[in-house]
Amino acid sequence: MGSGTWILALLVLQSVFDGIYGLEQEVNRRTERISGSAGDVLEDDPVGRLKVFVYELPSKYNKKILHKDPRCLNHMFAAEIYMHRFLLSSPVRTLNPEEADWFYAPVYTTCDLTPSGLPLPFKSPRMMRSAIELISTNWPYWNRTEGADHFFVVPHDFGACFHYQEETAIERGILHLLKRATLVQTFGQRNHVCLKDGSITIPPYAPPQKMQTHLIPPDTPRSIFVYFRGLFYDVGNDPEGGYYARGARASVWENFKNNPLFDISTDHPTTYYEDMQRAVFCLCPLGWAPWSPRLVEAVVFGCIPVVIADDIVLPFADAIPWEEIGVFVAEEDVPKLDTILTSIPIEVILRKQRLLANPSMKQAMLFPQPAQPGDAFHQILNGLARKLPHDEGVFLKPGQKILNWTAGPVGDLKPW
């Protein structure tokens, strides 16, 4: 980058900061409610609108797995564990399956971690198949709909395709026995075989208590224009480069590693959360999957998320106005990021910040312990409530079968 370009970039940066600083107290004093139906949906109370029956499965499907590796409580797929705990004490739970609108089977399919803490779902299909066989044998409710009034939390990278590599996940497809069930999953990408029609797309888990301890005064100036910490290349899994993040992260690094507007690095400092609260924009590029916990962190810390993931389906998209709070950049337009972000009018930035300052927006992205009104647990229940009443077509005629128990890779048919 030549000296003239450097000076121009610094002048642009100073101009943007001057404009934001001159009006930032307005953001600190005010929040803005989401207008129209989205705001109503976000603030819905699901209690009284549905009843959920929780299957009591043997502990080998959940508690024993967690006891073996408590690290599962803190990884980005932990929503499956916390949703189970939430439902056990939720007022929507019913102990009478005859009055249930929904049936939930607590199967911890992502709590199988490598020594480094990465979840590998190689056993998940057999585990899920075993659980479904158990509930279909011991209760009559699965068989009357083949799971159409059941929901499962499958938060891995590619959900119920149960693989961490996209090509293999696509080849496998969604576990056939879950084809009629509702999936609660983090993975969301339009027209993708691993996103089932009717799925409820949720945020990945990010530890609420940990983030709470890193809050800084809300009037702290946002002195970082663009912030990102994370991998640009995944050499271990993509040695030739270009496949990881479809090359988008590599493009960010190659184009902006020396740009003073961009504070980007592979280092993960102890001030990571504080830095996000000092940033105007936080990059949220795809990795192996379209999403990452950065999306949650950005919303919680009021940093405008810059979503770089073509065709992404975002969490609770019918309740959270992502287009209004975030910035969307096509993967092919990454080299223009500096121009795109510096061209956004200050009044637009301020409105996004006011919306992000709304406590209900932050709450909807979190799985707090204990649960709180409007949090991600309640947004999931709202999604289930909006799918009621079940259409008569979900109930099968006597003897009718739709699902094929022997479909899928041969290895998935082995006992678990």
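Predicted model: local features only at pLDDT ≥ 70, side-chain atom pairs only at ≥ 80, totals over all residues.
Residues are numbered from 1 along each chain as its sequence is written, and side-chain values rest on heavy atoms, with hydrogens and water left out.

A disulfide is a covalent bond between the sulfur atoms of two cysteines. When a disulfide is taken as a pair of cysteine sulfur atoms within 2.5 Å, the count comes to three. With bonded cysteines counted along the chain, the disulfides follow the pattern 1-2, 3-4, 5-6. Helices (H or I, at least four residues) and strands (E, at least two) are DSSP runs numbered from the N terminus. Buried denotes under 20% relative accessible area, exposed over 50%, and partly exposed the range in between, with a 1.4 Å probe and protein chains only.

Cysteine 72 is joined to cysteine 111, with an S to S distance of 1.9 Å. Cysteine 72 is located in the loop between α3 (63–68) and α4 (79–88), and cysteine 111 in the loop between β2 (102–104) and α5 (124–138), so this pair ties together parts that are 39 residues apart in sequence. The link of cysteine 72 and cysteine 111 is right-handed, with 100° about the S-S bond. Both of these residues, cysteine 72 and cysteine 111, are buried.

A further disulfide, with an S to S distance of 2.2 Å, connects cysteine 161 and cysteine 194. Distant parts of the chain are linked by this pair: cysteine 161 belongs to the loop between β3 (150–153) and α7 (166–172), and cysteine 194 to the loop between β4 (182–185) and β5 (200–201), 33 residues apart. Because the torsion about the S-S bond of cysteine 161 and cysteine 194 is about -110°, the disulfide is left-handed. Cysteine 161 and cysteine 194 are buried.

Cysteine 282 and cysteine 303 also form a disulfide, at 2.1 Å from S to S. Cysteine 282 lies in strand β8 (residues 279–285) and cysteine 303 in the loop between α11 (294–300) and β9 (304–308), so parts 21 residues apart in sequence are tied together. With 105° about the S-S bond, this link of cysteine 282 and cysteine 303 is right-handed. Cysteine 282 is buried at a relative accessible area of 2%, and cysteine 303 is buried at 0%.

For cysteine 284, the closest cysteine sulfur is that of cysteine 282, at 6.6 Å, which is too far for a bond. Cysteine 284 counts as buried, with 6% relative accessibility.
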